[in-house]
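Please keep the structure in view while reading.

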Amino acid sequence: MMTTSSIAKEENISQLKPLQQETICPTAKMQAINVDAWFGQKQILKTVSLTVKPNTVTAIIGPSGCGKSTFLRCFNRMHELVPNSKMTGKILLDGKNIYDRQMDPVQIRRRVGMVFQKPNPFPTMNIYDNVAAGLRLTGAKKDTNLDDIVKRSLEQATLWDEVKDDLKKPGTSISGGQQQRLCIARAIALQPEVILMDEPCSALDPIATAKIEKLVIELKQDYAVVIVTHNMQQASRVSDYTAFMYLGELVEFDETSKIFENPKNKLTEKYITGEFG
Amino acid sequence: MKLTGDKIFKISATIIATSALAILLITGYTLAVGSVPVIQKFGLNFFFGQQWNPIEGKEVFNILPYVLGTLATSGIALLIGVPLSLGIAVFLVEMAPKSLSVPISYLVELLSAVPSVIYGLWGLFIFQFWMRDYIQIPLTKYLGWIPLFSSSQSSLNIFTAGAILAIMIIPTIASISKEVISAVPNSIREGAYSIGATKWEVIHRWVLSYGRSGIFGAIILGLGRAVGETMAVAMLIGNAIGPVAMPISLFQPGQTMASLIANGFLDTTRGSLASSTYIGVGLTLLFISLIINVGAHVVMTRVFKVKGGAVE
């Protein structure tokens with residue numbers, strides 16, 4: 001026998017549950033298929049699917065607590081590092097599920113780099129070692145020329161000219177914006193295929209933010225970039241595709257211009273016009 | 001001038017704070033004065049000689065074997081205790097689920113509440129025989145040709161005392177290291193994971209490296225306890241005296257400065273050369289403890305460049 005409240009619950013879920021997506025997109029660099037995620041008993045993501053195309057910037061926007069950071073952390077298996085976390089669904093990298101049992105999370109994280117909300121250069125290492133740290137880990141090729149890669153990574157992160165004379169200084173001795181670019185260089189040094197950025201400018205001033213944004217656009221020449229941001233202007237400036245998330249669900253996902261000029265969903269429209277959030 | 005409450009508080013607080021320094025100075029001064037007769041009589045030989053003869057008229061008191069015995073037992077304690085303590089700390093912070101880490105850290109801290117005489121008692125009746133059967137006998141059998149492992153009849157020896165000291169310093173080093181490791185920001189771990197570090201690499205290249213000055217401090221506190229620990233050592237070290245107490249083999253009876261005082265001070269009469277000797281030993285022990293602490297401070301500030309708690 002069903003009580004009224006449980007019927008209401010059932011309806012609620014069926015209402016909220018978006019269409020399950022199973023089609024695999026062959027041109028995608030990464031594809032999330034029906035991802036659910038939990039912290040303990042609390043469900044953070046509800047059947048979220050998203051396609052990341054190569055050489056594009058995909059922005060994930062949404063109000064605080066909507067699960068966008070958690071979703072991002074599923075793309076390089078960082079979510080599972082949090083105690084009591086759980087995740088179901090698939091995330092494909094070049095068509096292969098990174099959650100397959102034979103996939104090594106360590107290798108996944110080398111292929112899918114990450115930049116965090118707060119710049120987190122390693123304080124016990126100097127600038128050079130910060131960039132070289134990933135290459136020195138087990139599994140890195142022995143014959144790599146560290147100096148070249150460090151220089152190239154810092155150049156690509158548009159930081160080389162500012163720090164080339166200070167490579168022996170601690171990674172934490174430079175400004176916040178520079179630290180964040182150092183973290184980008186650290187991710188680039190491993191020559192990943194995808195770079196995930198979790199609100200990379202939220203701790204930075206406007207000038208440093210502008211530099212990072214310019215860099216993000218440059219980065220898509222070589223990588224697929226997924227950027228989580230609470231700043232809609234930033235999403236419209238840097239991204240090719242935008243996903244809008246709300247309360248753990250993906251409400252709308254489309255080309256950025258369409259999302260911002262002609263959103264299909266009322267909720268998306270309300271959010272981008274600043275009615276809530 | 002009127003004495004307000006604030007002024008009274010300020011004056012009394014100053015007196016109390018200064019008294020800590022005063023106690024140290026008075027102790028040092030009286031020890032120095034008390035040891036003048038024995039140092040006058042034997043000169044530098046008091047510190048660097050090995051002879052010991054309490055018979056009246058032929059008295060010789062040299063303390064080098066006991067200084068070295070203290071260093072040997074403390075060294076053994078660190079060699080055994082530091083890896084165990086760090087293992088405990090790393091396990092509690094980085095690996096154990098909360099349901100396990102809370103009771104275990106509580107138990108580890110409880111270890112430090114065990115009175116040292118109980119460690120001594122347990123060592124005397126149980127632990128020394130484990131050490132004899134599982135470590136001393138096998139090692140002397142196969143490696144006895146190396147002087148360090150040369151054989152001895154007794155299992156009350158330097159190694160047994162050092163091993164008990166190791167157990168006694170584990171709570172100190174483990175609980176402080178645990179706090180240090182817990183204080184390592186999670187963003188550092190995440191950054192390391194994000195560039196493909198394994199759990200082991202995150203721990204030994206990032207977490208321990210970030211916390212190294214704190215862990216070093218924890219080890220020094222443990223060393224301080226090992227150097228001064230008296231009762232358990234006095235019960236387990238075998239109490240050798242004279243040149244035979246020179247620590248050459250792990251498995252020979254030895255003597256530390258603290259155990260020497262504990263074992264001998266009752267038999268001395270006040271004002272005798274022997275009592276001056278024990279005071280001299282006390283002075284030396286105090287001096288070595290101070291050197292360890294001052295040295296640790298210098299290492300922490302110079303080598304690790306600790307400024308305001310952060311490692312540069």
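In which sense do strand E7 (residues 194-198) of chain A and strand E8 (residues 224-228) of chain A pair, and over how many bridges? E7(A) and E8(A) pair in the parallel sense, over five bridges, where strands count as paired if DSSP finds at least two bridges between them. Within this pairing, Leu196(A) has Val226(A) of E8(A) as its bridge partner.

## Basis of the model

The model is predicted, so that local features need pLDDT of at least 70 and side-chain atom pairs count only at pLDDT 80 or more, while totals for chains, interfaces and linings use all residues. Residues are numbered from 1 along each chain as its sequence is written, and chains are lettered from A and ligands numbered from 1 in the order in which they are written. Helices (H or I, at least four residues) and strands (E, at least two) are DSSP runs, numbered from the N terminus.

## The six-stranded sheet

E7 and E8 belong to an open sheet of six strands in chain A, ordered E6-E7-E8-E3-E9-E10, with mixed pairing. E6 and strand E10 (249-255) of chain A stand at the edges with a single partner strand each, so one side of each is left without a neighbour in the sheet. From one strand to the next, the twist averages 15°, angles being taken from 0 to 180 degrees between the N-to-C directions of axes, which are lines fitted to C-alpha atoms, for helices over the stretch in contact.

## The antiparallel strands

Strand E1 (residues 30-39) of chain A pairs with strand E4 (residues 85-93) of chain A in the antiparallel sense over eight bridges, and Asp36(A) has Thr88(A) in E4(A) as its bridge partner. E4(A) also pairs in the antiparallel sense with strand E5 (residues 96-97) of chain A, over two bridges, with Leu92(A) opposite Asn97(A) in E5(A). E4(A) and E5(A) form a hairpin with two residues between them, and Asp94(A) in the turn has a positive phi of about 50°.

## The contact between chains

Chain A gives 22 residues to the contact and chain B gives 16 residues, two residues being in contact if their C-beta atoms, placed from the backbone, lie within 7 Å. On the side of chain A that touches chain B, helix H3 (105-111), strand E6 (112-115) and helix H4 (127-136) of chain A are the elements that give two or more residues, and H3(A) gives the most, with four residues.
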